[in-house]
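Me: I should like to learn how to read several features of a protein model. May we take them one at a time?

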Amino acid sequence: MYDLVIENVKLVTPQGVCAGGIALREGKIGALLEEGERPAAARYRDGEGGFLFPGAIDTHAHLNDPGYTWREDYSHGTAAAAVGGFTTVIDMPLQNEPALTTPELFDKKQEAVAGRARVDYCFWGGLVPDNFGQLEGLDEKGCVAFKSFLGPVSPDYAPLSYGQAYEAMESIEKFGGRAGFHCEDISTIQWLEKRMKEQGRLDWQAFLDSRPVAAEKIATLAVIEIARATGCKAHICHVSCPEVAEVIRQAQREGLDITAETCAHYLCMTQEDLLQKGPLFKCAPPLRSAAQRDGLWEYVADGTFSGIASDHSPCTWKEKHTQILGRRIENVFDVWGGISGIQSVFQAVFSEGCLKRGLPPEKLALAMCEKPARAFGLWGRKGALLPGFDGDLVLVDPNQEWEIREEDLCYQNPISAFVGMRGRGLPVAVWVRGELAAENGRPVGPEGRGRLVRKEKEGRK
Ligand SMILES: [Zn+2]
């Protein structure tokens, strides 16, 4: 006897899409069903021919909790994730007060957020110049990877030099962890930004010119070489363009364990959006050209990416337009950088990728579910429609047309570069470990069903 059978769906499995159904028991996938197969169950649901994806994993989100909860918090951020089809969110250690840089702070963060999540969540550990001695302890706690910056970052979180990255990766290699990087070369960017300001160039084109592809590629190549030298696993965050994706693909072909994510905004938006519409489209690395956006899809299709992340990086309207933490915004360089998107990523890339560009749904599932689960130690529980895996599911109606509107966003601050975007194909029901977590654009059930998921390690569950 199963708890729930979802029938009449197109199952998106690693082998491809097939018509059938799925049976769930005690929060886990019990069986994949042939078309018309109908075992005994407490409840049945007709999927009406929609696609049933595994729950997507957001490899990169800033939920700002505990700390900057006026920007976002677990209640709002995970409600938005549930509605959007992310059933697991890997939450960043910065934009937390304090940043998650010690094992003790792991427990404090868990205490602070437990009871408010609607989807499952993991923690990235912090990696800053003065916490190398804490990394193994953070790994023991269950951090799935360690996040550091090679480019400029907010004052509460210091970047690493390449030498420090080298030493950190030597340490992380010893316990089999993965080091993750924001790859933009700090010296290049700081110099170019200084030059722009000296020339009185304070417009959006100047911001773009201060963060060229070269800066992103220099830092990425450095990480690849340090990974090669130390043997440490690495993850390249938010790849913005095909030039950077290409060097990662080459490193993967050489056999290095380098994973990478891109973001929905790099796949769906361009620098023209920033130039025309301004602050809401500011992010780092910046949006690139239409040709670069188009080229990036090739690397989704060929399996280079382990994640199409949101890099959900919320802020207030004021922080995009007038002032940040009491400081007046004088020009584009002062504007808060970051795009809120955790609720919109899945529908945006399904519409743009699967429907407009003909990306097979199983390739989207590979990039958003299976490969992130494998990269971050969640495989076996998360990442695929397979018996024994968690019942994390996203039912997508491929025919439903949509327009993203502020009033439908669950965020603490419902402002987003995705507002106004139109497309087709919408998550209409989302389950987390067999429980309905969202339906038709609204969260369902109480907060607190989402659980902390620790990295899978030999001998530890
Ligand atoms: Zn980020």
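Me: How many disulfides does the count come to?

Reply: A disulfide is a covalent bond between the sulfur atoms of two cysteines. Please bear in mind that this is a predicted model. Here the count comes to zero disulfides.

Me: Are His60 and His62 buried or exposed?

Reply: His60 is buried, with a relative accessible area of 0%, and His62 is buried at 4%.

Me: How does the reach of helix H11 stand against the expected span?

Reply: One sets the end-to-end distance beside the span expected at 1.5 Å a residue. Helix H11, residues 290–301, has twelve residues and reaches 18 Å from its first C-alpha to its last, close to the expected 16 Å. Its buried residues include Leu296, Trp297 and Tyr299. Just after H11, Gly303 takes a positive phi of about 85°.

Me: What does this reading give for helix H13?

Reply: The end C-alpha atoms of helix H13, residues 345–356, are 15 Å apart, which agrees with the 16 Å that its twelve residues should span. H13 is mostly covered, with ten of its twelve residues buried; among them are Phe346, Phe350 and Cys354. Gly358 follows H13 and has a positive phi, near 75°.

Me: What is the volume of the largest pocket, and which residues lie nearest its centre?

Reply: Rolling a probe the size of a water molecule over the atoms shows where empty space is left. The largest pocket has a volume of about 970 Å³. Its lining has 36 residues, and those nearest its centre are Pro152, Val153, Ser154, Trp336 and Gly337. By type, the lining divides into 15 nonpolar, twelve polar and nine charged residues. Strand S10 (146–149), helix H5 (186–198) and helix H6 (204–210) each supply at least two residues of this lining.

Me: Where are cis peptide bonds found?

Reply: The angle to inspect is omega. A cis peptide bond joins Glu97 and Pro98, with omega about -5°; Pro98 is in the loop between strand S7 (86–91) and helix H2 (103–113). The bond from Ala284 to Pro285 is also cis, with omega near -5°, and Pro285 is in the loop between helix H10 (271–277) and H11.

Me: What is phi in Asn64 and in Asn440?

Reply: Asn64 has a positive phi of about 60°, although it is not a glycine. Asn64 lies in the loop between strand S6 (56–61) and helix H1 (74–84) and is buried, at 0% relative accessibility. Asn440 has a positive phi near 45°. Asn440 lies in the loop between strands S19 (435–439) and S20 (442–443) and counts as exposed, at 57% relative accessibility.

Note on methods
Residues numbered from 1 in each chain as written. Predicted model: local features only at pLDDT ≥ 70, side-chain atom pairs only at ≥ 80, totals over all residues. Heavy atoms only, no water. Disulfide = S-S within 2.5 Å. Buried < 20%, exposed > 50% of the residue type's maximum accessible area, 1.4 Å probe, protein only. Helix = DSSP H or I, 4+ residues; strand = E, 2+ residues; numbered from the N terminus. Expected span 1.5 Å × (residues − 1). 1 Å grid on protein atoms, 1.4 Å probe; cavity = no way out; pocket = protein on both sides within 12 Å on 5 of 7 lines; lining within 4 Å. Points joined across faces, edges and corners; volume = space filled by probe spheres on them. Nonpolar A, V, L, I, M, F, W, Y, C, P; charged D, E, K, R; others polar.
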